[in-house]
Amino acid sequence: MSRSPHIKQRRRPAALRLHLGDCGVIGDFCAIRDLVSHGLARAVAQHTLREGHAARPAKSMNVTRVREVQTMAFKKVRVTLHSIFNDNTGDDPGNELEIFGRWDANRLKFDPDIAEVVSLEHHNLWDRSGDDAQSVVEGTAFIIESSADIDFFDGEFLQIVGHVSEQDDFGPNDVLGSFERNLNLSDIHDGLVQIPQFNESNQRVNVKLSLRVLESA
Ligand SMILES: [Ca+2]
Ligand SMILES: [Ca+2]
Ligand SMILES: [Ca+2]
């Protein structure tokens, strides 16, 4: 089957017109194909030269802004797990909760090549098993003060993940709660991380964890 002569007549003059500097035909299929095949930047540059346009100041400003973003995308962050406070022993025998669990701070990044989040660094802040539970009297805190200093660059994020359970001699242990939060570079600031109170049958604990930006650039 041969193509309609009408189509051939439409396409070739369109591409030709682009070479001659008529960008008014950019909506035409042939013009778009020509832009892609020859490179958009080259086509724009040729058009600029043909039309006698001077370099646009806004373009150089954009380049400057990009450089600023690139150079400011760094933070050295101290992640500290301070303590776990027994707010209420609840229905647990005695005056103490027997707590255990694990808390970690991770440096992660989304890798577009494999479309997955990958772990760049992993820092364990606290790890206790049910066989090694910590007794904490109601109204007092178990002091941990475990820190990790982590460097974050543009596109990376801090993941805080942890859980606390309560050991019982009779029956299964109690899961008091778990927590996970992912923070982009711009979301990382000095201060306490807001962690909801963990609570299971009125056995309540507060986890105190903070961030401190040691350096930024
Ligand atoms: Ca219990
Ligand atoms: Ca107890
Ligand atoms: Ca217990």
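Donors are the N, O and S atoms within 2.8 Å of a metal, or within 3.2 Å for Na, K and Ca, and because water is not among the atoms, sites may look incomplete. The model shown is predicted, with local features needing pLDDT of at least 70, side-chain atom pairs counting only at pLDDT 80 or more, and totals for chains, interfaces and linings using all residues. Residues are numbered from 1 along each chain as its sequence is written, and side-chain values use heavy atoms, with hydrogens and water left out.

**View 1. Donors of the calcium ion (ligand 3).** Glu 166 and Asp 168 are both buried (under 20% relative accessible area, with exposed meaning over 50% and partly exposed in between, for a 1.4 Å probe and protein chains only).

**View 2. Asp 92 and the calcium ion (ligand 2).** Asp 92 bridges this ion and the calcium ion (ligand 3), 3.8 Å apart; Asp 92 also coordinates both ligand 3 and the calcium ion (ligand 1), which are 3.7 Å apart. Among the protein donors of ligand 2 are Pro 93 (O) and Glu 98 (OE); Pro 93 is exposed, because its relative accessibility is 63%, whereas Glu 98, at 16%, is buried.

**View 3. Surroundings of Leu 158.** Leaving aside neighbours within four places in sequence, Leu 158 is in contact (heavy atoms within 4.5 Å) with residues including Val 79, Ile 150, Phe 152 and Leu 211.

How values were computed: Chains are lettered from A and ligands numbered from 1 in the order in which they are written.
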